[in-house]
Amino acid sequence: MFKINENYQKLPGSYLFSTIAKKVNAYSTANPDRQMIRLGIGDVTQPIAPAIIEAMHKAVDEMGKAETFHGYAPDLGYDFLRSAIVKNDYEARGCDISTDEIFVSDGAKSDSANIQEIFGVDNKIAVCDPVYPVYVDSNVMAGRTGTYDAATEMWSDVIYMPCTMENNFVPEFPKETPDIIYLCLPNNPTGTTVTKAQLQTWVDYANKVGAVIIYDAAYEAYISESDVAHSIYECEGAKTCAIELRSFSKNAGFTGVRLGYTVVPKELKCGDVSLNSMWARRHGTKFNGAPYIVQRAGEAVYSEAGKAQLKEQVGYYMKNAATIKAGLNEAGYTVFGGVNAPYIWLKTPDKMTSWEFFDYLLENANVVGTPGSGFGPNGEGYFRLTAFGTYENTVAALERIKKL
Ligand code: MLT
């Protein structure tokens, strides 16, 4: 008789955004006359920029001709894209990263879930609390997190680093030494970030204790302050302790196109074993390369026209962020984030729990957000709104919230 992976049975409930989608669909079905405004999941609303669409059309045409047709993509990514990434995301910021340290994938969500596979199950992970749920859930599936305590909503073998308004959402070094540290900066869900100097202390700490940092930089395009690092490799010594995850979803609207990449520096080693070789082996075995058309689209992100159009797109979403922040402040809420990230994190009013506020907003304003407690116990009493809606919907949502 076959056996299942029992670790899956330990997962409490369903994936956060699936739970929310079910709740919202049930409400919409029961109230078909209500115009819902969805500021929950961080999904983009603006169309793919013209320079990228043009590159995709060209690539589609190439696929239709025998002489320019492409079959399987190189499993680690086409050189044209890996070179564009190195030049624009690293060389331009003074980071010494080479093309064979870039692994192109179908997005940062899968990479952030899969990267744990190259580490032993006896590694101890440390996560910020609140946290993007994929980091913890993927480690639960792998059997690395111990037992779940429903009362505290914590796993026995996970180190939690609280990020609350009391510490300005900046994690402190944990008392217990971790092996793997997940950092998402600028942060999802709090929309806050740390300075480059603060990030440097994490790099120094990881190098000192022999830990690896899984650095999720999916939101780096939204950084507006000059003392914030766009890549962890801007910090001295990061190549011996950090893996960086990057996404094309948020900076270029690829949530439905799917493209991302992971950087594993060659200096990152466990004894004599290179993590770069391990990830190449894993990628080569389990992934057949992102589609040619999509990688050409990714290359166009770095064209002059693409860069200009995407700067405008990021500006559009950040105008939404400013609108949400100003509107909430006006309505008397305590608000964080939205300066270097497309998320706004607010304190729920009148000591409502995060889910109580979710229901209140859904039923009274027909606005969908994300309950902070869905990201971890220290998210309780907070709520997340995304700046990825349309400007018109964002303005309308705030008008509704102000009237409550
Ligand atoms: C979010 O809403 O947290 C993100 O959209 C999730 C993701 O990027 O997978």
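Visitor: How many aromatic pairs are there in the whole structure?
Guide: A search turns up 29 aromatic pairs. Keep in mind that this is a predicted model.

Visitor: OK, take Phe173 and Trp202. How are the two rings arranged?
Guide: They're edge-to-face, because their planes sit at 70° and over 60 degrees counts as edge-to-face. The ring centres are 4.7 Å apart.

Visitor: And where in the chain do those two come from?
Guide: From distant parts, 29 residues apart. Phe173 is in the loop between strand E6 and strand E7, while Trp202 belongs to helix H6.

Visitor: Is Trp202 buried or exposed?
Guide: Buried, with a relative accessible area of 4%. Phe173 is partly exposed, at 39%.

Visitor: Switching over: what about Trp345 and Tyr382?
Guide: That pair is stacked, with 10° between the planes and 5.3 Å from centre to centre. It also links distant parts of the chain: Trp345 is in strand E14 and Tyr382 in strand E17, 37 residues apart.

Visitor: How much accessible area do they have?
Guide: Trp345 has a relative accessible area of 0%, so it's buried. Tyr382 is buried too, with 3%.

Visitor: Which cluster are they part of?
Guide: One joined up by ring pairs: besides Trp345 and Tyr382, it has Tyr15, Phe17, Phe169, Phe336 and Phe375.

Key. Residues are numbered from 1 along each chain as its sequence is written. This is a predicted model: local features need pLDDT of at least 70, side-chain atom pairs count only at pLDDT 80 or more; totals for chains, interfaces and linings use all residues. Side-chain values use heavy atoms; hydrogens and water are left out. Rings of Phe, Tyr and Trp (its six-membered ring) pair if their centres lie within 6.5 Å; planes under 30 degrees apart count as stacked, over 60 as edge-to-face and the rest as tilted. Helices (H or I, at least four residues) and strands (E, at least two) are DSSP runs, numbered from the N terminus. Buried means under 20% relative accessible area, exposed over 50%, partly exposed in between (1.4 Å probe, protein chains only).
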